[in-house]
Amino acid sequence: MLQESVCLKCGDVGFIEAIVFCNKCEACALHRYCLDGPVVFTDEVIWFCEDCEPKKISLKTKSASLANNALQPRRKLKHCVKRLTVRNQQHKKIKEKQKNGKVNSRVHNIRYEQETESENECEPVPSNAPNTNVVPKSVLISQVTATDDLITLEVHVEAQPIAEPMWRGNLLFCDKSKTIGTVNGLLAHLSSLASPKVLEEADLFPEVLSADLLPRSAVWPNSFKKEGPTDRSIALYFFPVNERSSINVFDMLVDDIIRTDDAIRVVTENAVLLIFPSTLLPTQHQRFHSKHYLWGVFKKK
């Protein structure tokens, strides 16, 4: 039997005299010189394989787990109370601003994604949440404030493309009335923070948009020259349809625009649509599903 035993660590029969068997199952073997620690050839070696090794239960860990479980109901109650308190304070402030005439009617034109849970329902508390009085950061935005021509959000919400595309069509690149290229199978998705005016203008898009390829410096908005664009600057997201040929052409267009530092200009019904690559956005917004994309912003004619 010893001649057929193979060391679990080195995988070799090695010296038969140095073979040590598991004290429990007596099936697994290991060389004395393959064990951790000093090599012992004379005394008896007590060794257990991974399957037979006794499990060590830490009393400290078990006590901490029991204490944590006991605190969970209290944490959940505190979490609910804090959430409701913050929400009530927000509603109170909004009502006061509405009475004082500080809330502009334009803020109601911005649509937000509604919370799927009920307003009075509390979110579950993570099991490792500390037992503190810190107000949770996941506070919902129920209103925005407006002063003069600037509309700002009380808490930052990142822009996302709305799942359903609002336009499907093609881009036709022209130079002095001559067609120089076509990009078929494009989808335009409205930004979750876009104004309804964007939707109104995009609804007027024809199936084929005539586009010009220009140096970005010639059409780069002045507002972007100081601080650069952010995710709030996005009016439309552009992606290809889920077809191999359309995806390949779209990826080539994005790569070319990035390499040449160009931009796309499309004259629409009431405005000018400027399209840029996502590499001009902050790092966290440069990729969607791990790929670069195109985004557009409207400019007055």
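Author: Happy to! Keep in mind that this is a predicted model.

Reader: Which residues form one aromatic cluster with Trp220?

Author: Trp220 belongs to a cluster of four named residues, and two of them, Phe276 and Trp295, turn up again below. Besides Trp220, the members of this one cluster are Phe224, Phe276 and Trp295.

Reader: How many aromatic pairs does the structure hold?

Author: Rings count as a pair if their centres lie within 6.5 Å. By that cut-off, the number of aromatic pairs in the structure is 10.

Reader: Are the rings of Phe239 and Phe288 stacked, edge-to-face or tilted?

Author: Their centres are 5.1 Å apart. Planes under 30 degrees apart count as stacked and over 60 as edge-to-face. The planes of Phe239 and Phe288 are at 35 degrees, so the pair is tilted.

Reader: How many residues apart in sequence are the parts that this pair ties together?

Author: Phe239 lies in strand 8, residues 236–240. Phe288 lies in the loop between strand 10 and strand 11, so the pair ties together parts whose separation in sequence is 49 residues.

Reader: Is Phe288 buried, partly exposed or exposed?

Author: Buried means under 20% relative accessible area, and exposed over 50%. Phe239, at 13%, is buried. Phe288 has a relative accessible area of 27%, so Phe288 is partly exposed.

Reader: And is Trp295 buried or exposed?

Author: Trp295 in strand 11 pairs with Phe276 in strand 10. Phe276 is buried, with a relative accessible area of 0%. Trp295 has 0% relative accessibility, so Trp295 counts as buried.

Note on methods: Residues are numbered from 1 along each chain as its sequence is written. This is a predicted model: local features need pLDDT of at least 70, side-chain atom pairs count only at pLDDT 80 or more; totals for chains, interfaces and linings use all residues. Side-chain values use heavy atoms; hydrogens and water are left out. Rings of Phe, Tyr and Trp (its six-membered ring) pair if their centres lie within 6.5 Å; planes under 30 degrees apart count as stacked, over 60 as edge-to-face and the rest as tilted. Helices (H or I, at least four residues) and strands (E, at least two) are DSSP runs, numbered from the N terminus. Buried means under 20% relative accessible area, exposed over 50%, partly exposed in between (1.4 Å probe, protein chains only).
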